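Let's take a friendly walk through a protein model together.

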Amino acid sequence: MTDDDGLLERSISSARSLIGLQLVSRVFTFVLNQGLVRLASPQAYGTVAIQFELLINTILFLSREGVRNSLLRVWPQQGDAENDGKRAQQLAQCSNLATVPAMVGIPVTFLTLMAYGYTASEDARSQPFFRIAMFIYAVAAVIELCSEPMHNRAMGEARTSVRVRAEGLGILSKTALTYLALLLDSHLGEQDFTLVAFALGQVTYSLVIFIIYLVDMPDLRLLPVRLSQAPSQSLAVYRLLANFFDLNAFYLSMTMTLQSLVKHFLTEGDKFLVSYWSPLRDQGGYAIAVNYGSLIARVVFQPIEEICRVYFSRVLSFARGPTRGNSNDTSATRSALKQASDALSTLLSIQIVLSILAVTFGSLYLPIVMQILLPRRYLTTSAPQVLFAWVWYIPFLSMNGGLEAFHSSTASPDDLREQSWWMFGYSGLYILAAISFHELGLGDASLVYANIVNLSARILFTMAFTFRYFRKHTNSAPFGVSDIFPGWRFLGTVVVSYAAISMNESKQRIVELSRSRALFSVPVLLHILMGGSMGLACVAVWWLTTGRRVVAKLKAKTA
């Protein structure tokens with residue numbers, strides 16, 4: 001097994017661990033969230049899940065995103081340096097850079113807190129203990145940023161188990177404490193402490209993550225240390241930075257941080273807009289719909305994207321380092337490029353199949369599922385319309401994740417600057433699409449459809465970059481249409497399944513029965529059984545026609 005093949009095997013193992021973490025934690029939190037949304041009013045839930053989440057995500061994203069991505073690309077691996085002394089120097093420089101988010105996070109937290117406190121609506125500010133809860137969320141953000149040096153070391157060294165343990169216990173502790181606090185508040189009768197209950201859950205999550213990381217890595221520091229003296233003729237700022245950081249990595253992280261300003265708006269733009277034009281009640285409905293709609297994204301797509309960043313950053317590291325031009329280097333480069341193209345095409349092909357199944361069966365069975373997921377008071381909010389829109393959003397979200405992971409792992413500083421300019425265009429496109437869809441009467445669902453337009457543009461950009469990258473290094477395209485799209489037999493089975501289920505739904509009046517809460521009547525149960533059978537048939541056809549070949553390719557790479 002080559003080093004690159006071993007890296008692929010470790011990446012797949014890490015992806016399994018992260019998906020397992022997300023699956024176990026999300027199942028547990030899903031059960032407790034069913035209780036949370038029944039204990040919290042739509043107004044309070046909208047404040048927490050839209051406005052407070054936007055507050056803490058803004059602080060975390062702007063403080064750490066650029067540093068995280070740059071460190072994935074430059075963290076030294078065993079055998080990367082010519083001697084142990086040079087590798088120790090690189091480790092010290094990376095460890096210093098990993099402390100930047102915590103230092104930057106304090107002023108970012110202060111400014112963000114001031115901006116939000118000034119712009120929050122009167123309805124939000126009038127809720128009991130609003131300012132106390134807001135302050136606790138800010139404290140939670142700072143505590144979480146203090147764990148960044150340890151998180152970056154764990155990711156740089158591919159120690160996924162540490163992160164799985166920390167984030168898994170953090171999520172479970174957060175959800176359990178929030179539920180217990182809300183339950184106690186409801187028993188007291190006043191329900192004045194709803195916002196504080198969610199805030200205490202968030203700070204518990206940050207503390208648990210920090211403590212677990214600290215126990216596992218007690219030797220790491222939270223402040224940078226002086227490493228070397230820069231040349232005396234350099235500018236003062238240059239000498240100061242060179243005493244602590246590798247300047248190339250530092251400039252790369254700053255470039256990525258500036259880019260993250262626009263990316264953050266694209267990621268959280270729906271929260272910005274829904275908090276602007278929707279009342280708190282509909283914000284709560286939008287929040288619960290997005291929470292359920294994004295479940296598959298958080299369980300599957302997010303871990304895969306994060307592991308892809310690590311994998312592509314390592315296997316294609318030759319593009320950022322010096323090459324000696326001998327035959328061994330050339331052979332290793334070609335092998336790395338072939339493995340990367342195979343991994344990317346395999347990822348896209350599987351995501352497309354899953355997306356087709358999610359859209360087909362999700363759109364058919366969502367009316368039944370909503371009667372189980374949503375409390376009655378949320379059924380009259382924008383939640384049902386947003387959930388329907390999310391079904392169509394999933395395919396674009398899945399494809400964009402893998403392609404952007406490849407781009408961020410291989411793009412040069414010039415490529416990143418080019419993408420930053422394009423992101424300004426994406427922002428304008430998103431706002432224009434959101435306003436247009438809203439004017440057409442789509443309500444809060446217009447934000448999801450606007451995100452589909454935005455992601456479509458980003459997918460086209462990253463796909464074009466991917467093809468340019470491989471043509472530059474291999475003079476050929478990384479994959480063809482037939483490599484990533486399923487065959488006609490699978491698509492035909494999906495179409496037949498959709499038609500059969502739709503006809504049965506219309507004939508048996510399944511939607512009307514589910515709305516009358518007759519969820520366990522014989523026609524509804526038989527309809528669900530029919531869908532499960534059809535879904536298994538689609539998966540079986542894919543496996544027999546395409547899936548076996550895809551899995552065999554992966555096994556050959558990791559054997």
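Start by finding asparagine 69, which touches Met256 and Arg309, leaving aside residues up to four places away in sequence. Asparagine 69 sits in helix α2. Is this residue buried or exposed? Asparagine 69 has a relative accessible area of 12%, and buried means under 20%, so asparagine 69 counts as buried. Please keep in mind as you look around that this is a predicted model.

Two packed helices are described by the angle between their axes and the distance between the axes. Helix α2 covers residues 42-74, and it packs with helix α7, residues 148-156, at an angle of about 30 degrees, with the two axes 10 Å apart. On the α2 side, the contact is made by Arg64, Arg68, Leu71 and Leu72, while α7 brings Glu148, His151, Asn152 and Met155. Sorted by type, the residues of this contact are 3 nonpolar, 2 polar and 3 charged.

Helix α16 (residues 383-410) packs with helix α18 (residues 445-474) at an angle of about 25 degrees, and their axes are 8 Å apart. The cut-off of 35 degrees applies here as well, so α16 and α18 are also roughly parallel to each other. The crossing of α16 and α18 is left-handed. The residues in the contact of α16 with α18 divide into 21 nonpolar, 8 polar and 2 charged.

Most residues other than glycine have a negative phi. Asparagine 475 has a positive phi of about 60 degrees, although it is not a glycine. You can find asparagine 475 in the loop between α18 and α19, the latter being residues 481-484. Its relative accessibility is 71%, so asparagine 475 counts as exposed. Phenylalanine 129 is not a glycine either, and has a positive phi of about 60 degrees. Where does phenylalanine 129 lie? It is in the loop between α5 (122-125) and α6 (130-146). With a relative accessibility of 36%, phenylalanine 129 counts as partly exposed.

Lysine 338 and proline 478 are 140 residues apart in sequence, and their C-alpha atoms are 8.1 Å apart in space. Lysine 338 belongs to helix α14, residues 327-373. Its relative accessible area is 46%, so lysine 338 is partly exposed.

Finally, step back and take in the whole protein chain. How many helices and strands are there? The chain has 22 helices and 0 strands. Of its 559 residues, 54% are buried. Among contacts between residues at least 6 apart in sequence, 83% join residues at least 24 apart. The accessible surface of the chain comes to about 25400 Å², and 65% of that surface belongs to carbon and sulfur atoms.

Note on methods: Residues numbered from 1 in each chain as written. Predicted model: local features only at pLDDT ≥ 70, side-chain atom pairs only at ≥ 80, totals over all residues. Heavy atoms only, no water. Axes fitted to C-alpha atoms, helices over the stretch in contact; angles between N-to-C directions. Helix = DSSP H or I, 4+ residues; strand = E, 2+ residues; numbered from the N terminus. Parallel < 35°, antiparallel > 145°, perpendicular 65-115°, else oblique. Left-handed = near helix turned anticlockwise from the far one by under 90°. Nonpolar A, V, L, I, M, F, W, Y, C, P; charged D, E, K, R; others polar. Contact = heavy atoms within 4.5 Å. Buried < 20%, exposed > 50% of the residue type's maximum accessible area, 1.4 Å probe, protein only. Areas by Shrake-Rupley, 256 points an atom, 1.4 Å probe, with all protein chains shown as cover.
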